[in-house]
Amino acid sequence: MDVRALGYIGVDVTDLAAWTTYAEALGAMVIPAPDGDRVFLRIDDRPYRVAVHQSDDEQGLAFAGWEFADQRALDQAVVELEAAGYPVKPSSEVERADRRVSGLVHVTDPSGFALELFWGPILDHEPFNSPHGGSGFVTDSLGFGHIVLGTPHSAAATEFYTEIMGFRVSDYWRPGGAEVVFLHCNPRHHSLALVPAEVPQLYHFMFETRTLDDVGYALDRHHARGIPISMGLGRHPNDEMVSFYSRSPAGFDVEIGCGGRLVDDATWTVTEITKASLWGHHPPS
Ligand SMILES: [Fe+2]
């Protein structure tokens, strides 16, 4: 199976109003949906990369949209998923219009996360124009960023993403006997990381800016708006991202970083890292 990229995600939040101010601090364009119970975060020429849904009680990942090259690649994915015992549900025309894609199917991963496999994103040719300036985000063939998911079924989840979905392992981190696995589906070091957890949960999603200054400006916007920082500036040893972690109003974090490493499958070898950060990423004192 040939997943090309993390195309989009949906998140459930209980305080949608707080997300307008919050998403501005991230540097995204915030586009309210006409129905009033969602806002869309736009960071490039896609209509949105994160759909934020008002929920009465749920907070976290509503769905993750994984992108395929074309109809043929998606059809092949359906065949492979069903052969492996994962039922695939077709989408309705209304769903495809809502997601702004040409083709879409649904499948549930071993942790219970709702996945949307799609092809043919419908582009927005209005130029991306962050209200805060900046040089923009690193997306295109690398997808919009990454997600880090906690799962009580990490062995089954790792097998699903590697053996069936075709992700390759980038590296491991084994703090205290747990096994965190970083997975890539394109040259971005990881589009997905899986962390053992008691309940399935979204730990964070990541936006990658083009410059270090844009990370700094995002940090300043957090300070100006009083938005809490979970972990200050630091650098990861594996993806080499210089980043900070912002605490979203929905409880999960958003990582804003730059300088992410690219993986070349022709030469890459899997390693094990022994600390999460080379330096920094300290909680605020
Ligand atoms: Fe991350």
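Colleague: How do the residues of the lining of the largest pocket divide into nonpolar, polar and charged?
Modeller: This is a predicted model, where local features need pLDDT of at least 70, side-chain atom pairs count only at pLDDT 80 or more, and totals for chains, interfaces and linings use all residues. Residues are numbered from 1 along each chain as its sequence is written, and side-chain values use heavy atoms without hydrogens and water. Charged means Asp, Glu, Lys and Arg; nonpolar means Ala, Val, Leu, Ile, Met, Phe, Trp, Tyr, Cys and Pro; the others, Gly among them, are polar. On that basis the lining of the largest pocket has 13 nonpolar, nine polar and four charged residues.

Colleague: Which residues lie closest to the centre of the largest pocket?
Modeller: On a 1 Å grid over the protein atoms alone, a pocket is an open set of points where a 1.4 Å probe fits, with protein on both sides within 12 Å along at least five of seven lines; a cavity is a set the probe cannot get out of, and lining residues have an atom within 4 Å of a point. The largest pocket holds about 470 Å³ of space. Of its 26 lining residues, the closest to the centre are Val148, Tyr203, His204, Met231 and Tyr245.

Colleague: Which strand supplies the largest share of the lining of the largest pocket?
Modeller: Strands (E, at least two residues) and helices (H or I, at least four) are DSSP runs. Strand 9 (145-151), strand 11 (180-184), strand 12 (192-196), strand 13 (201-209), strand 15 (242-247) and strand 16 (253-258) each give at least two lining residues. The largest share is four residues, and the element that supplies them is strand 13.

Colleague: Which residues coordinate the iron ion?
Modeller: Donors are N, O and S atoms within 2.8 Å of the metal (3.2 Å for Na, K and Ca), and sites may look incomplete without water. The donor residues of the iron ion follow the spacing H-x57-H-x50-E in sequence. Two of them, His146 in strand 9 and Glu255 in strand 16, are 109 residues apart in sequence, so this pair ties together separate parts of the chain. At 1.9 to 2.2 Å, the iron ion is coordinated through NE2, NE2 and OE, respectively, of His146, His204 and Glu255.

Colleague: Which are the edge strands of the sheet with 10 strands?
Modeller: Two strands pair if DSSP finds at least two bridges between them. The 10 strands form an open, mixed sheet in the order 17-10-11-12-9-13-16-15-14-18. Two strands pair on one side only, namely strand 17 (271-273) and strand 18 (279-280).

Colleague: Which residue in strand 13 does Ile147 stand opposite?
Modeller: Strand 9 and strand 13 run antiparallel and are joined by six bridges. Within strand 13, the residue opposite Ile147 is Phe205.

Colleague: Which are the edge strands of the sheet with eight strands?
Modeller: This open sheet has mixed pairing and the order 2-3-4-1-5-8-7-6. Its edge strands, each pairing on one side only, are strand 2 (29-32) and strand 6 (89-90).

Colleague: Which residue in strand 5 stands opposite Asp12?
Modeller: Strand 1 (residues 5-13) and strand 5 (residues 60-67) pair in the antiparallel sense over seven bridges. In strand 5, the residue opposite Asp12 is Gly60.

Colleague: Which helix gives the largest share of the lining of the largest cavity?
Modeller: The largest cavity has a volume of about 100 Å³. Gly27, Gly133, Gly134, Asp214 and Arg221 are the closest to its centre among 14 lining residues. That lining has four nonpolar, eight polar and two charged residues. Four residues, the largest share, come from helix 5 (residues 212-225).

Colleague: What volume does the second largest cavity have?
Modeller: Its lining includes Tyr8, Arg46, Tyr48, Arg99, Arg100 and Phe118. By class, the lining of the second largest cavity has six nonpolar, no polar and three charged residues. The space filled by probe spheres set on the grid points is its volume. For the second largest cavity, this is about 60 Å³.
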